[in-house]
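Here is a short briefing on one protein chain. Please look over the sequence and the model before reading the points.

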Amino acid sequence: MFIQKAWRTAAFGVYGFTQFTKSGFLEHAKKFREEDMQIRLDGKICLVTGANSGIGFATAEGLASRGATVYMLCRNKERGETALSQIRSKTGNMNVHMEICDLSSISEVKSFATKFSSTDKPLHVLVNNAGLLEHKSVTTPEGLELNFAVNVAATYTLTELVMPLLEKAAPDARVITVSAGGMYTEPLNKDLQFSESNFDGTQQYARNKRVQVALTEWWSEKCSNKGVGFYSMHPGWADTPGVSKSLPGLSEKLSGNLRSNEEGADTVIWLALQPKEKLTSGSFYFDRAEAPKHLKFAGTAASHGQIGSIVDSLRSICGI
């Protein structure tokens with residue numbers, strides 16, 4: 001097991017340094033089709049979590065610039081208002097709105113979902129972007145490990161609770177979940193809240209991101225006849241506030257070769273724009289193309305068989 005984990009880490013490092021950087025993006029961009037990004041979203045409603053900075057901000061701006069009605073879900077009112085005014089000013093789109101919700105609180109997520117659903121409007125695109133990498137072991141007031149609460153419990157709860165709105169937008173509705181390359185280093189693990197004694201925030205984050213990819217597969221199968229597509233993606237290593245705060249070593253090592261927020265958001269926006277027949281529900285995307293969910297010889301693929309029992313745990317933890 002130790003040898004396999006060491007192999008995963010080494011293989012991930014090589015793959016990452018050649019593919020996930022700015023230079024990787026510029027190489028892959030040679031195959032991008034300009035017309036893919038010229039599709040309009042007028043009349044479409046989009047909800048983006050963690051939208052006041054980084055990839056979430058760039059995603060909200062990209063969707064708004066193409067005419068979508070965008071709801072930005074932010075934790076901090078002041079920063080959210082600043083981001084909102086910037087996006088309205090840059091895009092000229094006044095149909096951009098801000099909602100406040102602390103995604104580390106499942107009760108707040110439920111309250112927001114109830115309020116948002118009361119309008120009974122269809123939801124065409126949900127972008128589960130908000131993410132957290134907390135290195136210390138922190139327990140929320142609701143008794144959840146903090147990384148898990150934001151990255152997994154909130155993603156699961158919000159997606160489940162807005163499903164009726166997504167179904168109203170069928171057959172064009174889609175859920176895009178922003179995962180991370182770190183998931184390659186971890187198999188799916190039933191220990192959702194890291195009960196081991198030596199807490200490792202980076203490892204927990206990677207486990208959370210693996211859960212998101214497996215959840216996307218599970219939703220895709222569960223909702224195959226509901227006209228909702230589910231896609232997970234990896235934005236590459238981008239120079240976001242989250243990366244510089246949580247992974248300063250990576251930020252310094254790759255200074256000048258990290259992707260911009262816009263490059264990180266590129267595939268999120270691409271997934272929101274493409275006709276559904278061009279996409280494969282349940283798949284993992286990177287730089288506008290389907291990507292493997294497991295590295296060769298990493299021994300992580302079989303672990304996805306546990307997703308059913310993990311969903312049962314999530315349903316119980318989140319009270320859904």
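Which residue in β7 does methionine 233 stand opposite? Tyrosine 285 is the residue opposite methionine 233. The model is predicted. The chain holds 12 helices and eight strands, and the strands form an open sheet with mixed pairing.

**Overall shape and surface**

- A compact globule of 320 residues would have a radius of gyration near 20 Å; the chain has 18 Å, so the two agree.
- Along the principal axes, the C-alpha atoms fill a box of roughly 55 × 45 × 40 Å.
- Of the 320 residues in the chain, 56% are buried.
- Among contacts with a separation of 6 or more, 77% link residues 24 or more positions apart.
- The chain carries 35 positive and 33 negative charges.

**Sheet layout**

- The order of the open sheet is β3-β2-β1-β4-β5-β6-β7-β8.
- Its edge strands are β3 (96-100) and β8 (289-290), and each of them pairs on one side only.
- Strands of a sheet pair through backbone hydrogen bonds, either parallel or antiparallel.
- β4 (residues 125-128) pairs with β5 in the parallel sense, over four bridges.
- β5 and β6 also run parallel, joined by six bridges.
- β6 (residues 228-234) runs parallel to β7 (residues 284-286), with three bridges between them.

**Bridge partners**

- Valine 125 has arginine 174 in β5 as its bridge partner.
- Alanine 173 is partnered by valine 228 in β6.
- Valine 175 is partnered by phenylalanine 230, also in β6.

**Strand β5 and threonine 177**

- Six of the six residues in β5 are buried.
- Ala173, Val175 and Thr177 point one way from β5, while Arg174, Ile176 and Val178 point the other way. The residues on both sides are all buried.
- Threonine 177 lies in β5, which spans residues 173-178.
- Threonine 177 has 1% relative accessibility, so it counts as buried; the cut-off is under 20%.
- Leaving out residues up to four places away in sequence, threonine 177 touches Asn128, Thr155, Gln212, Thr216, Tyr231, Ser232 and Met233.
- Three of those contact residues, Tyr231, Ser232 and Met233, are buried residues of β6.

**Strand β6**

- β6 is mostly covered, with seven of its seven residues buried.
- One side of β6 presents Val228, Phe230, Ser232 and His234, and the other presents Gly229, Tyr231 and Met233. Both faces are covered.

**Helix α12 and arginine 315**

- Arginine 315 sits in helix α12 (residues 307-318).
- Its relative accessibility is 31%, so arginine 315 counts as partly exposed; that class runs between the 20% and 50% cut-offs.
- Beyond its neighbours within four places in sequence, arginine 315 is in contact with Tyr156, Trp218 and Ile320.
- Arginine 315 and alanine 153 are 162 residues apart along the chain, yet their C-alpha atoms are separated by 9.1 Å.

**Backbone features in loops**

- A cis peptide bond joins alanine 170 and proline 171, with omega at about 5 degrees.
- Proline 171 belongs to the loop between α7 (163-168) and β5.
- Aspartate 120 is not a glycine, but its phi is positive, at about 60 degrees.
- Aspartate 120 lies in the loop between α5 (106-117) and β4.
- Aspartate 120 counts as partly exposed because its relative accessibility is 47%.
- Aspartate 287 also has a positive phi, near 50 degrees, in a residue other than glycine.
- Aspartate 287 is in the loop between β7 and β8.
- Is aspartate 287 buried or exposed? Aspartate 287 counts as buried, because its relative accessibility is 6%.

Notes
Residues are numbered from 1 along each chain as its sequence is written. This is a predicted model: local features need pLDDT of at least 70, side-chain atom pairs count only at pLDDT 80 or more; totals for chains, interfaces and linings use all residues. Side-chain values use heavy atoms; hydrogens and water are left out. Helices (H or I, at least four residues) and strands (E, at least two) are DSSP runs, numbered from the N terminus. The radius of gyration is taken over C-alpha atoms; the globule rule is 2.2 Å times the number of residues to the power 0.38. Buried means under 20% relative accessible area, exposed over 50%, partly exposed in between (1.4 Å probe, protein chains only). Contact means heavy atoms within 4.5 Å. Lys and Arg count as positive and Asp and Glu as negative; His and the chain ends are not counted. The place of a charge is taken as NZ of Lys, CZ of Arg, CG of Asp or CD of Glu. Two strands pair if DSSP finds at least two bridges between them.
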